[in-house]
Every structure is written in C-alpha cells, then in structure tokens.
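Work through the exercises below with the sequence and the 3D view at hand. Each task is followed by a solution in steps.

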Amino acid sequence: MMNTPQTKHFAILGSGAVGGYYGAKLTRVGHRVSFLARGAHLAAMREGGLQIRSPLGDFTVPVEATDDPSLVGSVDVVLFTVKSYDNDTALPMLVPLVGDRTVVLTLQNGIDSADEVSAVVGESHVLGGATYIATGLAQPGLIEQTGTHRKIVFGEVFGQRSRVSDRVVALGRLMEPADIEVETVVDARQQLWEKLIYLCPFAAFTGAARSPIGVLWNDLDTQARFMAAVAEVEAVARAEGVNVSATVTEEVREYMDSLPPETRSSMLIDLSQGKRIELEALQGTIVRRGQALGIATPIIAALYAELRPHAGGASACG
C-alpha cells in the first residue's frame with residue numbers, strides 16, 4: 001500500500017477531541033483529510049475551519065467536512081475515533097470509505113474495537129492502536145489540548161508475526177512528519193490490554209467516586225483496592241492468552257504515583273457533564289470476559305454495577 005512517505009487521503013470517522021486533533025495535524029502537512037462529523041461541530045468546521053489550541057502552538061486548518069461518508073468514497077486510511085457507545089451508528093459508515101487497499105486504524109478505548117470493525121470491513125483492513133493524549137472539544141470547531149502528549153502506539157491485531165508489518169511501518173512514516181509521536185509494534189493486542197489494565201480501574205474508581213484521583217490514591221485502603229482491581233484486569237488478559245509485561249502492575253503503580261492529584265478520567269468528566277460513558281468498552285468487557293473464562297473480578301464488577309445506571313447520561317437517569 002504505502003511504501004514511501006507521500007500525500008495520502010485520510011478519513012477521520014469521529015472528528016471530536018482526538019480524531020479532530022490528529023486530522024488537523026495531518027491536514028497541516030499536506031494530506032487530504034476528510035472529516036466526518038455532525039451537528040454544531042460540523043457547521044463550525046465548515047464555516048471557520050478547525051481550530052487547535054495547544055501548548056505546542058495554536059493553529060487553524062481549513063477542512064473538508066461532511067456527515068455523509070458516501071460523498072467521501074474510498075480513502076487510503078481511516079482513523080476510527082468515535083466513542084465506543086456510538087458504534088451502532090458509526091460502524092456502518094465505514095463501508096463507503098473502505099476500498100481494496102484501505103487501512104482502518106481504530107484508536108478506540110478498550111480491546112473490543114478491532115473485532116467490531118473487522119466484522120464490518122474484514123480483518124485484512126484493520127490495525128489496532130492506543131493513543132495517549134489529553135484533548136477536549138472546548139466548543140464546536142475548537143479543540144483544546146492540555147499537556148503535550150500526542151502519541152499513537154499501533155500495529156497488527158490479527159495473525160501471528162515476528163516483526164512489525166510493512167504497512168504499519170509505512171503508516172508510521174506518514175504520521176511522523178505531522179508531529180504525531182508514533183510507536184509501531186508487532187502485536188497491538190499487548191499494548192491495548194496494558195492500557196486497559198490501568199484505564200479500566202482508573203476510570204471506574206474516579207467515576208464511581210465522582211472524584212479526581214488524588215484523594216483516592218492517597219487513601220491507603222482505597223489504593224490497595226485499586227491495585228487489586230488492576231490485578232483482576234491483568235488476570236483476565238493472561239487468561240485470554242495475551243503476553244502482557246511481567247512488570248505491568250509495578251508500572252501502573254509508578255504511573256499512579258506520578259499523577260497530579262487533580263487528574264480526572266474522561267469517564268469522570270463525562271459523568272460530571274451528564275454525558276454517556278464508555279462503560280461497556282472499559283468495565284463491561286472485563287466482567288463479561290472474566291465470567292466466560294472463570295476469572296473472578298469482584299471489584300470491577302461492583303464498580304460496573306455502580307456506574308451502570310449512569311451509562312446513558314443524564315437523560316437516562318431521569
């Protein structure tokens with residue numbers, strides 16, 4: 001597919017805080033980028049372009065934006081960055097975008113996305129990745145980045161390989177000139193699970209407590225339960241046959257120690273704003289997989305039950 005760095009056609013399916021940011025970066029270095037969006041955000045982008053406010057520098061790019069993927073047609077690369085709870089409506093939108101040589105890189109949270117995307121477009125088109133970035137949609141047409149992380153770790157998710165595939169290498173070379181931090185890996189499943197081992201408890205504890213992490217982590221009893229929840233997710237990963245790092249638990253603890261006490265998970269932010277939350281992709285999948293494998297997940301299961309009434313946002317809670 002992409003053997004040398006050159007201009008390509010990207011589609012951003014999910015042009016919010018994450019997808020919009022990366023799409024703007026790619027636009028800025030000359031790639032053709034088609035943004036799929038809707039509502040006020042779509043209208044604002046069409047009228048004034050897409051604005052990025054960032055410690056790395058503010059900029060605005062003109063955009064090609066639509067809510068109809070059939071007007072875009074097949075592209076070289078799709079970045080699939082919608083919230084997982086929108087998959088029912090978003091996944092069918094992939095079909096017009098995917099041609100014989102199209103690559104779909106999903107950056108959704110959790111470990112179910114690659115399977116869900118492949119069910120629509122076929123395994124041969126799908127790559128999986130995890131992104132590490134703090135961005136938010138400050139208002140329609142304006143994405144605000146806090147901090148400077150903008151990293152994507154990605155690779156193949158289907159089949160066995162001994163080295164990073166050629167198409168993963170080629171896609172990485174396309175993104176690096178756009179000032180996107182890229183790490184290519186042989187098997188993305190390990191990276192996705194290692195992120196979930198941290199993110200599932202972090203989102204669940206902060207969300208259920210409606211509290212930033214500092215007050216929770218500084219309570220030794222809560223900290224012990226947090227690390228027990230980390231061990232639950234790790235046990236499910238290993239039962240799934242995923243070779244996560246032998247030191248993943250220690251790495252999570254070190255990372256938690258380093259977090260500013262005011263740090264909030266995106267789940268906590270969404271809950272505080274009455275929005276829907278990615279409960280099924282983060283906690284629900286661990287509960288279900290644990291049950292299927294005979295792995296006990298009592299802490300994650302309890303937090304899942306606590307959060308479940310709020311999964312649909314404020315309108316679902318009355």
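The exercises concern a predicted model and go from the whole chain to single residue pairs.

**Exercise 1.** Decide what the radius of gyration of the protein chain says about its overall form.

Solution. Start with the length: the chain has 318 residues, for which a compact globule would have a radius of gyration near 20 Å. The protein chain has 19 Å, which agrees. Next, take the extent of the C-alpha trace, which spans about 50 × 45 × 35 Å along its principal axes. Finally, 53% of the 318 residues are buried. The chain holds 12 helices and 10 strands.

**Exercise 2.** Find which parts of the chain are tied together by the salt bridge between aspartate 270 and lysine 83.

Solution. The closest N and O atoms of aspartate 270 and lysine 83 are 3.6 Å apart. Aspartate 270 belongs to helix α10 (residues 266–272), while lysine 83 sits in the loop between β6 (75–80) and α3 (87–90), so the bridge ties together parts 187 residues apart in sequence. Now compare the cover: aspartate 270 counts as buried at 10% relative accessibility, whereas lysine 83 is partly exposed at 30%.

**Exercise 3.** Classify both partners of the salt bridge between aspartate 112 and arginine 289: are they buried or exposed?

Solution. In this pair the closest N and O atoms are 2.6 Å apart. Aspartate 112 lies in the loop between β7 (98–106) and α4, and arginine 289 in helix α11, so parts 177 residues apart in sequence are tied together. Buried means under 20% relative accessible area. Aspartate 112 has 17%, so it is buried; arginine 289 has 19%, so it is buried.

Note on methods:
Residues numbered from 1 in each chain as written. Predicted model: local features only at pLDDT ≥ 70, side-chain atom pairs only at ≥ 80, totals over all residues. Heavy atoms only, no water. Helix = DSSP H or I, 4+ residues; strand = E, 2+ residues; numbered from the N terminus. Rg over C-alpha atoms; globule rule 2.2 N^0.38 Å. Buried < 20%, exposed > 50% of the residue type's maximum accessible area, 1.4 Å probe, protein only. Salt bridge = Lys/Arg side-chain N within 4 Å of Asp/Glu carboxyl O.
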